[in-house]
Every structure is written in structure tokens, then in C-alpha cells.
Amino acid sequence: MFISSRVRRLLPGTAVLAGVGIVLAPGLGGVGRADPVPPRPAALPAASLLHSPGTHVRSGKGAPELPDHISALSWLVADAGTGEVLAAHDAHRSLPPASTLKTLFALTALPRLQGAGVHTVTEAELENVGEGSSTVGLDPGRTYRVADLWRGVFLSSGNDAVHVLAAMNGGWEETAAQMRAKARAVGALDTRVVSPDGYDAEGQVSSAFDLALFGRAGLKDPAFSRYAAQADAPFPGDTDSAGKPVWTYGIENTNRLLTGEDGVGRYPGILGIKNGYTSNAGYTLVSAARRDGRTLLVTVMNPQEGGGSAVYEEARALLDWGFAAAGHVDPVGSLQPSPPPAPAYAAPVVLATAGTDSADGAGYGWPVALVFAALAALGGAGGVVYRLRHRARTVALGPSPTEPHGQQADEV
């Protein structure tokens, strides 16, 4: 490519080009004005912060103190709308999830198995339900509506219902594999699925962070949200061949913040989502509540004090804190997927405009613009350095054979 000597006088000895740094500014005369550089997005704390042990909160003016009686091994408070984590303690600690893992089961299988339709339960589907499991009371040979099976999962935490739905979804192992893939898809990298119902199994773990991810994703699904918020329902004790109940009995959600049972008051604005318990996991809970247009998520895993009601009372205290702290704390992390690295903004290069043919080369605006555009396309947005030598008749694209290649910047 040949450039006249008049144009070469416009070019500096070294031009650093970035894909976003060129502004073509054709005008009626004079020097074009560069568009302003877009502001960088506000930076969140590094994701590694929540991986470090201990309690994390960034209190501002007017922020309330965190509750001082939280005994859970791990907990997290997040804004469900923005995904901002307001406070957390050992958020990525690997712990057995118990039946809170059913949130991931529902995220995985509910879109495939909506409430329409019926299914006749078989002996084989129920034979591997774990000893001591919570059940809704399914009987082999009886036909149930799929919607009733899902109510058995969400309200009664029925492992029998999970086994039947998993069989309908392709089988137990296939469903576990789908759940593992779903966990990765939503960014839940702490979760290892072995038993889709949450029954204790070697190697099965999740975290307060991951459970919050599952709860947040579930709230976006109207069917999931409806089941998770249902306090009680009639359940078929006997059915006809079409799955229509002949007689029913009542089932009640095992989440006491939702029902207000057993001495635990119902939380105002509660939306569910799921509780759990095993002897290995202790008590676990994923809860959500809405107040004044804001939805908060709280996960609590294995309180060390207070018995069976502690998981609810600690979740209550964290929800109260979160609503009071909103707007007074800076986030310590995010449930949103990590954004790509921000582009490296270079100072815009303003080219001379067309319309004059003075001795300073202003009349060569568009030819020069084309040269710069070509160089930027070859160099890409990484800011590759090109040396434009005055003594040469051509523009050398890339380093000469005698010049060392520059080092590539480390990826962020």
C-alpha cells in the first residue's frame, strides 16, 4: 500500500491502534469531534471474595448490624432481582443439601414434565426409595396427575414422587446427569449430584451460593414459583383410571416459614422455596420473600444451635436484616454469571475531515481513515502496535523480520 508524502506527514512515528480507538469523523471542515469513551461498568468485588472463609458484608451509612445469633455453618443473603449478594458466610462451603436439592431437580425436570397428563405408578419406580425418606404416599398401580406428583415433591418433600418423576424423565441416573448439567449451566459449580431427591449419598454436596442460584432460577418459572409457594393441597388417596381423585387427604408444606406451623410464625411476604433435613446434612433451607417491590433470597445450611426451628428463625433474622440493609450495603458478590472482561479503551484517534486541501493534509481525511480502518481490522481490538516509518514508501503491517514480536497480555 502506497501513501503519499503529504499524508505520511500526518502519521506519527508509532501509532497504537485498538479496535475501539478509531473515530472516523467526516465533517464539513475543521477537525472532527470524537465520541466520548463509554464509562466502565461499576466493579464488583472479585468472585474469589465469597470463596474465602468467614463472614462478608460491606456496610455503609445507616446499615444495620448483622444478626449476632446465626449459628449456621453457611448462609447467604441476596437480592433476587439484581443478583447482588448483600452478605454471606462461607458461601461456597461444600455441605450436604438434603431436600433443598429438590430445587435443582425441579429446575431440571419440571420443564420436561409439566402438570398436564397422568402417570400410573409401578412397583419398580418405588422400590429404591431410601429408608426413612419423607413420602407423599404414592401407591403402585394407581394413576396420578403429574401436577399432583409435583405437589408431592414441593409440599411433602416426597422422595417417592421424585423417584416416579425421575423415571418418567428418563431414569434415575439420566436425571442425575441432567441435574449435573443444569447446575453447570446456571453457574453452580459447588454442586455434586448423586441422588436427585437429596437423600444422603457419598460425595453429594452443594453450597449456600449454589442453592441461592437454584432458588433464583426457580422464581423465574411460574410453575416452580406456584408449587414452591403453595402452603397446602388435597392429595389423591384413590384415583380412577384417568387420575381423577376418588377421595383425597390433605398435605401441608413442610416449610414452616410458609405455613406458620409448629411454633414458627409465617414470614410476611414469603414466597417459599424449599426446606430439607437429613441426619447428615442437618436442617437446610432456601427461602424467598417479597417486600416493597424487592425480593430477597436467603439460604441457611445446618444451624449448630436451636433445634429444628433454628433454620427458620435464622432465615427470618437474615431476611429482616436484608430488607433493612437494602440500599445501605455494597454487594460482596453476585449471583449473575461473570461478565466478560471490559474492553481496553484506547484514546480515540481523530482523523482530519474532508472538505479542504490545505498543505497540512486536511483534505486526506477519508484516505487516511481507510488506512487506519484496514490496520485496525488486521490488528483487532487487542491494540497491536504498528510502526509507520517515514522513510519507507509502504506501510509495514506487523513487525519486520529483524524486530522481536511483542508479548501477548495475560488473559483476565
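**Exercise 1. Determine which residues ring pairs link into a cluster, and how many aromatic pairs the structure holds.**

Step 1. Ring pairs join Phe105, Trp150, Phe154, Phe224 and Tyr227 into a cluster. The criterion is that rings of Phe, Tyr and Trp (its six-membered ring) pair if their centres lie within 6.5 Å; planes under 30 degrees apart count as stacked, over 60 as edge-to-face and the rest as tilted.

Step 2. The model is a predicted one, in which local features need pLDDT of at least 70 and side-chain atom pairs count only at pLDDT 80 or more, while totals for chains, interfaces and linings use all residues. Residues are numbered from 1 along each chain as its sequence is written, and side-chain values use heavy atoms, with hydrogens and water left out.

Step 3. The structure holds 8 aromatic pairs.

Step 4. Tyr227 also has a charged neighbour: the charged end of Arg226 sits over its ring, 5.6 Å from the centre. For this, NZ of Lys or CZ of Arg must be within 6 Å of the ring centre and within 35 degrees of the ring normal.

**Exercise 2. Describe the geometry of the pair formed by Phe235 and Tyr249, and state whether Phe235 is buried or exposed.**

Step 1. A pair of aromatic rings is described by the distance of the centres and the angle of the planes. For Phe235 and Tyr249 these are 5.8 Å and 55°, and the pair is tilted.

Step 2. The pair links distant parts of the chain, with Phe235 in strand 8 (residues 232–239) and Tyr249 in strand 9 (residues 245–252), 14 residues apart. Helices (H or I, at least four residues) and strands (E, at least two) are DSSP runs, numbered from the N terminus.

Step 3. Phe235 has a relative accessible area of 0% and is buried, whereas Tyr249, at 28%, is partly exposed. Buried means under 20% relative accessible area, exposed over 50%, and partly exposed in between (1.4 Å probe, protein chains only).

Step 4. Tyr249 also pairs with Trp247: the centres are 6.2 Å apart and the planes stand at 50°, so this pair is tilted. Trp247 is partly exposed, with a relative accessible area of 48%.

**Exercise 3. Identify the sense in which strand 3 pairs with strand 5.**

Step 1. Strand 3 (residues 55–59) and strand 5 (residues 84–89) pair in the antiparallel sense over 3 bridges. Two strands pair if DSSP finds at least two bridges between them.

Step 2. Thr55 stands opposite His89 in strand 5.
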